Amino acid sequence: MKVGIPRALLYYRYGEFWKSFFKCLNVDFIISPPTNKKILDQGVKYVSSEVCLPVKIICGHLDWLKNKATHLFLPRFVELNNGLYTCPKMIGIVDIARFHFQNYFQIISPKIKNNFYWTHFKLGLKLTKNPLKVKNAIDNAQKYLNSYPKLKANGAPKILLLSHFYNIYDYYISQPIIETFKNQGFTIITKEHLDNKRLNSTKGFAKNIRWVYERELYNAFYYFLPQVQGVCNIISFGCGPDSLISEVMLNEAHIQNKPFLQLIIDEHTSATGLITRIEAFCEIIKKRLDNNVSSIIL
Amino acid sequence: MIKTYLGIDVGSISTKGVLITENREIIAHAYLRTQGQPIEAIKNLIKELFKDNKNIEIKGVGTTGSARRLAGVIVGADVIKNEIITHAVAATYFYPETRTIIEIGGQDSKIILLKDSVPVDFAMNTVCAAGTGSFLEHQAIRLGIPIEEFGDYALRAKKAATIAGRCTVFAESDMIHKTQLGIPIEEIIRGLCEAIVRNYLGTVAKGKDIQPLILFQGGVAANIGVKTAFERALGIEVIVPQHFLIMGAIGAAFIAQDYTQKTKSTKFIGENLLDINFKTKTFECRDCTNFCEVIETYKNTQIIDRYGDRCGKWSEKLPNII
Ligand code: SF4
Ligand code: SF4
């Protein structure tokens, strides 16, 4: 038995947990490599062009895994923290996988509905018959739950880069964006720099948001807004939740007079177009930082 | 010798250039089609600009537009600036009161908001060409009306036919349908102008606070029908500046002037660039699975620029990067 894990979507949040979990249970697994052009090109073939980029990317990873694993591990995350949902596409990705790949592997897709640990416990029991071992594996893995790489932030001025973790930590997507900000002399903070309590706050508008990751985005936005010089929001073309929350944030930034840049990305997005926008955005911020606003030398 | 500064704006549809003096007078300007051959277009532009101006000395060069980098390495630019900034600089020079710049070019459109002569916000269209110059031109050809007369047709109409502005395909089929219904061509053209404005205000300018003074520039600003439609939709006067086509190039020249007055030198390689054989080549790097398309620019046989790699291994090897 060899379990394939796609390095996409929720991998960027639970990947370390899963690695530790499977290792403790002595289950052999393989993780697809970081996204590259070939993976993306493959992924695009499996879904309609209207679908968001992260879903296209995960399809590419599933394609990469076929013939390399006997099982595919793809939990169906539906509801977290009572009443908070992931998005319909994330929930449906299991069905896309079934449709295209069920001849290649056996798909392990436990449904997660407010029962993250219990679901993993049951899964563990199926893999080894030893409940103690499973409990140990979960306890061990738990410490990895909130550990994903934070982009280093040092020195001002700061930009809040707001996007789903699977966009920001998939460097194939985010690298041109992050690099351009760096070249312009900015440091980047992301929502991962905020502590869990604040991230899941239900104060104010956040209590109306029923998408778990959008709520995090909004909370981070709200908390960091006074501390940063500008906000860059990367949204996937075709993403329903993003399109709503982004508008809310845009309005709020507008009221507080903070520069806000929306970058809409899909597989056709050219780095040149992104760079032009980011450069202009950075120059606008620099101009604001200079008190000498009357000069036109830019 | 008159001291001059050169500004070049190379977009996907058109290539524009100006020569300005120390006093910011425009002594020559040119507008050409890029026709997918930016290098040729840049050379022709230089030829055109220098044709009647033998007695000049170039003190600084700025490039802008989507091919600003290529233009910059070829001519030896002192500054390479993105088009948001150059448009803003030119606009505020001529109209210091400007708060909003509406720019609709051949294939893209943008909005720039300014405060105290400084750009504070902007937006560009993303993927869709609906409502840009090339779409208008396509419709003009299809209707058999010279594009220059489009605006006058629109003005003659008493009312506008309803045309969908969201998408070129829908707009076109709407127009065909309306023609078949026997609606006069003037009304259809006016409808089209209004659709372009609606599209612009609903996408590019969405949520932006449009304040006077409003400048309308870029190729589509030549169309009085669209200008009028903007005024009707916004309820305020819209100004089309005299040099609406070349504002980007003018801004680039201004910035080059400001910059080289500090550095006291220019990197401009001179008119002999016309005799140099420039080429761009692309290759797909296969060293890893990213398969980057690396773009190289050659000056005769020497590589002068290379970019497009994600890892930086190619661009960093460049001998004398500009
Ligand atoms: S939240 Fe948006 S980007 Fe993420 S999977 Fe759903 S639709 Fe795609
Ligand atoms: S240029 Fe670098 S990142 Fe791109 S394919 Fe070659 S080795 Fe990979």
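Trainee: What does A:Y104 count as at 36% relative accessibility?

Mentor: A:Y104 counts as partly exposed, a label for the range between buried (under 20% relative accessible area) and exposed (over 50%), using a 1.4 Å probe on protein chains only. A:F101, by contrast, is buried, with a relative accessible area of 0%. Keep in mind that this is a predicted model, where local features need pLDDT of at least 70 and side-chain atom pairs count only at pLDDT 80 or more, while totals for chains, interfaces and linings use all residues. Residues are numbered from 1 along each chain as its sequence is written, chains are lettered from A and ligands numbered from 1 in the order in which they are written, and side-chain values use heavy atoms, leaving out hydrogens and water.

Trainee: How many aromatic pairs are there over all chains?

Mentor: Rings of Phe, Tyr and Trp (its six-membered ring) pair if their centres lie within 6.5 Å; planes under 30 degrees apart are stacked, over 60 edge-to-face, and the rest tilted. The count over all chains is 32 aromatic pairs. Take A:Y14 and A:W18: their ring centres are 5.8 Å apart and their planes at 40°, so this pair is tilted. Both belong to helix α1 (residues 11-24) of chain A, and being four residues apart there puts about one helical turn between them. A:Y14 is buried at 8% relative accessibility, and A:W18 is buried at 4%. The rings of A:F101 and A:Y104 are also tilted, with centres 6.2 Å apart and planes at 55°.

Trainee: Which aromatic cluster includes A:Y14 and A:W18?

Mentor: They share one cluster with other residues of chain A, among them A:F17, A:F21, A:F73 and A:Y117.

Trainee: Now the interface. How many residues does each chain bring to the contact?

Mentor: Contact means heavy atoms within 4.5 Å. Chain B brings 28 residues and chain A brings 25. Buried area is the accessible area (1.4 Å probe) lost when two parts are put together, summed over both. Here it is about 2,600 Å², with 58% on carbon and sulfur atoms. B:V118, B:F122 and B:R310 supply 23% of the area that chain B buries against chain A, more than any other three residues.

Methods:
Helix = DSSP H or I, 4+ residues; strand = E, 2+ residues; numbered from the N terminus.
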